[in-house]
Amino acid sequence: MPEEVTRRSFFGKAIAAIAGSIALILSVPILGYTILPALRKREEPWSEVGPVTQLEMNQPKELEVVRSVSSGWMKAASVRSIWAFRKPEGEVVVYSPICTHLGCGYHWDDQKKKFLCPCHNSSFDLNGQVLGGPAPRPLDALPAKVEGDRLYVVYKEFKSGISRKEEI
Amino acid sequence: MMKRISAWISKRLNLPPVLHHLLDEKIPGGASWIYIFGSVTLFLFLLQALTGMFLAIYYAPTPDHAYESVRFIQEEIPFGSFIRGLHHWGASAMMVMIGLHILQVFLYGAFKAPREMMWMVGGFLLILTLSFGFTGYLLPWDQKAYWATQVGINLVGTVPWIGGALTRILRGGGDLGALTLSRFFAVHTLFLPWLVVMMIALHLFILRRVGAAGPWDKKKAEAVSEPFYPRQVFMDAVAMGVMFIVLVVLAANVPAHLADRADPTDTTFRPVPEWYYLFYYQFLKYFEGRFEIVATFVIPLLFFGIFFAIPFLGRRWERIPVKRPMAMILGGLFLVFVFTMLGLAVKETASIVVADPAIARGKAIYAKLACAGCHRIQGEGAQVGPDLSYEGDKRDKTWLEAHFKDPQSLSPGSFMPSVRLSEAELESLTRYMLSLKKEAR
């Protein structure tokens, strides 16, 4: 049964409606303002690594990538290393420098022709496949391209310790 | 469901007597639209507190980052320009409402016994609000903020004997810099809010102890006695709603200004204060040299001295305006003085050509992209491409923007490269092009 609208209840409802509308109208921009920027995915740019001619055939080399990292309104340069080599077909392969097991840095052993991780003895072949040790997945390849004689990569990091390659 | 929950809470906390105390305060003479100014001011203060807290989410109070963080809010954060706009226009609206509130209390003689203390606490609230305006002004760290604050602090320096020490304390040292910005930020966001909240609480506490003043006509006041709720609350809510809509429309359509980044080496910048300081800024111009101190120190001191003394100046307890000719004439003269000064200042400042900061940014982009390698402006640059000296007369915004993105689509065969810029940079470059007009020279 509908309640009778008295003068008093009309004023009460009108006040609640005005206050409610103000709160509602405010909450949309405020939530957008606070939450949307936090959900925005960072767009990683292509970073120039240097001349591609410094890479040798099937001979991984550690290179430095200087990338421009933005944090809010600030931009800063950040240096990361990568492992890269050329395949006989001319294709360039670039690996993230982080072992897929627990995130240590590995290195290329030229005698054994293997990537070795010193922390828990994971080892990988030239194609990044796991040869031994606890590593759950192959080395993480990074997007790479050659323009003119310059090598460009997109530096990314992936979660360690899981068998899927999942970007952080 | 909601009803059962509220009934449950109400029973546990025994709310009815609290609500009765809060809402059934008697208003002599009944509810009226003339009483809304105080409530709207309170609403605006709460809105300022809310938008201010959210601005602080992205704001960095250091000279290295303040300007960039405000620009970030203004241009890159979703609704950032809107939230900052609400805070900016809310400040102005607060000044207007406080002005109307004081005017109404003065006209109604509502400051007279037993409400003298309320008037005085109100005076402190006025000073605190003006301090909010002064300290908030510096925070964007743009040219306007920097130079207007420089002037404001120098005014304090004219105070006899302790002026020098005061300016050092305000600045946090010998010059306006990182220490000034961080202390203005702290005062604006931490010190003043608590002081204002305490003063508002005191203001309202006194109101509840002495009761609302009601109409000046005693018979009218005694004829009706209506509780605060619901009619007065309704009127207050409608006024707040209307004020809110005005602010939303302003914030959405007229963005708060952000000039170029503060540049202490640039002495060509002419600072003009926010409009609520403008009448005083104009007044200062009439006092030079030795007499400057009259305007910077003696008169403000006198003004606030008189302001706080107002409840004790009239001899008779008389609230009807026509029976208080002296108060009305003096009050009227003060208003005439304020508005004359404001009018003169507006007239003078309107004649200052305000440089659009976007044009300066556009000019910098023009230089960075080495456009002068092909184009000529007023005799400067190569004559390979078209002369751009009067480009603003020839082209419009749409043409220019389309042209920058893809020159060949509009000028087939042109070897002008497409300009790869962000939308904001493109806008600035276009604004610069549009400013190149014959009449502007």
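Modeller: Contact here means heavy atoms within 4.5 Å. This is a predicted model, in which local features need pLDDT of at least 70 and side-chain atom pairs count only at pLDDT 80 or more, while totals for chains, interfaces and linings use all residues. Residues are numbered from 1 along each chain as its sequence is written, chains are lettered from A and ligands numbered from 1 in the order in which they are written, and side-chain values use heavy atoms, with hydrogens and water left out.

Biologist: How many residues of chain B and of chain A are in contact?

Modeller: By that cut-off, 32 residues of chain B are in contact with 23 residues of chain A. The buried area (the accessible area, with a 1.4 Å probe, that two parts lose on being put together, summed over both) is about 2,500 Å², and carbon and sulfur atoms give 80% of this area. In chain B, Tyr58(B), Phe234(B) and Phe244(B) lose the most area to chain A, together 21% of what that side buries.

Biologist: Which elements give two or more residues to the side of chain B that touches chain A?

Modeller: They are α3 (36-58), α4 (66-75), α5 (80-107) and α11 (228-253) of chain B, where a helix is a DSSP run of H or I with at least four residues and a strand is a run of E with at least two, numbered from the N terminus. The largest share, ten residues, comes from α11(B).

Biologist: Why are β2 and β4 of chain A said to stand at the edges?

Modeller: Two strands pair if DSSP finds at least two bridges between them. Three strands form an open, antiparallel sheet in the order β2-β3-β4 (chain A). β2 (61-71) and β4 (92-95) each have a single partner strand, so one side of each is left without a neighbour in the sheet.

Biologist: What makes β3 and β4 of chain A a pair?

Modeller: Four bridges join β3 (residues 74-86) to β4(A); the definition asks for at least two, so these strands pair. Arg86(A) stands opposite Val92(A) in β4(A).
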